[in-house]
Amino acid sequence: MDQNWVKKEGQGESAGGRKPDLYRLDKDMFYVMGIQLERSRLKIAIFDNHNKKVADFKDLFELETGDGLVDHIFEEANKLIETSGIDLDKLLGIGISMPGLVSSKEGRNFTYFIKEEESESLEDILERKFNKPIFILNDAKSACVAESNFGMATNRDNVLVISMDWGIGLGVIIDGKVYEGSSGFAGEFGHIPLVDDGQLCHCGKRGCLETVASGLALTRMAQEGIKAGESTSLNLLSEEDLKNLQPEKIIEAANMGDQFSINILSKVGINLGKGLAILIQLFNPELIILEGKFAKASQFITIPIQQSINTYCMAQLREKTKISLSNLGDDSVLLGSVATVMENIFGKQISLINNS
C-alpha cells in the first residue's frame, strides 16, 4: 500500500461481525503479453493486471513454413509494445501458446520450430530475444488454464476442455489441477486411432480422430462435396477462396441455413462424440467444455456430439457429465497464456518467501 500497488476498495458483506475491508491491485501496475500461434494466424495481445486487454494485433501467416517465424513473432510483438505506449519495465512476461507436441517443462515444441531450436530450446531463444520471462504451452492446455481460472471450470474438480480448431486438443483438470503428464504431453486426444486404414494424419499415422473430426476434416469434406457437385452456398466462393477455405466459413454457412454445411458438421460431431464417449468412460468428468472455432456452430455441433455419446457411452457415466460451450470467446487461449505467466512468476516468488 505504501508503494501504491494495493488500494482499499470498500467493504464486504458482514457475516455477523464487523464488515471486512476489501483491497485490490491498482490498475496499470504491470502487464502481460499473450501470443497465440494458430495454423494460419498469429494473435498478440497485451493485458493489464486486471486481465483487461489494452492492445492487440492479428496477422495471417503459415505456421507450416517454419523458417523465420521466431524473428517474425519478435518483430510484431515489439511493434505492438511500441504502439501500445506501455512502460516496457512493467511488462512482467510473455506467454506463448501454439499447436503441436509442446513440452512446457523443456520449453520446446517437438512439431514446429524444430530447425530453429536445434542447439537451444524455443523458450531460451525467445527469452534471449525479448529479455523477458517466456513460458510456452500447448494451445489446448492454454485454453484449459483459461477455463480453470476465468471460465466454467472455475472451482470444479474434474473437467475436460476440448479445443476444436484445425486440430483437436484436450485439456484435463483432475482434482482441480490441470494435468500435464510425465512429459507434459497429456491430452493428445486428436491422435487416438479411430478409423481402420483411414486418411493419413499429419502425425504420420492413419485414421486418427483428427482426420474425421477437426477443422482440417471439415474443410476437406466441404471441398470434396463442392467438387462432386453438392448444392451449397459455398459454391459461390472463388477458386482461390475455396482452396484456402477456413472452418469459420463453413460454420457461418451452417448458421445461415446451408444444409450441406449442416450435414458435414453433423458428421464431424458424430465422430467427435465417439472420441468423447471414450474420454467420459476413462475420466468420468462432471463437465466437458467445448471451445474454439467450432463453438460458434452451437447446436449444429453439440446435438450430433450428444447423439453419438448417447450411442457409445455407458448411461451411468454419460448422465453424470454435462456438455457446455465455452463462454470465454475468442481470447480464451490468450487468457490462458497470461494466467500461466502470472502463476509461474508469482508462484516462484511465493516459494522464495516461504523458503527464506
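**Notes on the sheet and the cysteines**

1. The bridge partner of Gln36 in strand 6 is Ser97, and this pair belongs to a region where strand 3 (residues 31-37) and strand 6 (residues 91-98) run parallel, joined by 6 bridges. Strands here are DSSP runs (E, at least two residues), numbered from the N terminus, and two of them pair if DSSP finds at least two bridges between them.

2. This is a predicted model, in which local features need pLDDT of at least 70 and side-chain atom pairs count only at pLDDT 80 or more, while totals for chains, interfaces and linings use all residues. Residues are numbered from 1 along each chain as its sequence is written, and side-chain values use heavy atoms, with hydrogens and water left out.

3. The open sheet has 5 strands in the order 5-4-3-6-9, with mixed pairing. Its edge strands, strand 5 (53-60) and strand 9 (134-138), each pair on one side only, and the twist averages 15 degrees from one strand to the next, with angles running from 0 to 180 degrees between the N-to-C directions of axes fitted to C-alpha atoms.

4. Helix 3 (residues 139-150) lies across strand 6 and strand 9, and runs at about 100 degrees to strand 9; a helix is a DSSP run (H or I) of at least four residues.

5. The structure holds 0 disulfides, a disulfide being a pair of cysteine sulfur atoms within 2.5 Å. Cys203 is in no disulfide, because the closest cysteine sulfur to that of Cys208, in Cys203, is 3.7 Å away, too far for a bond.

Key:
Contact = heavy atoms within 4.5 Å.
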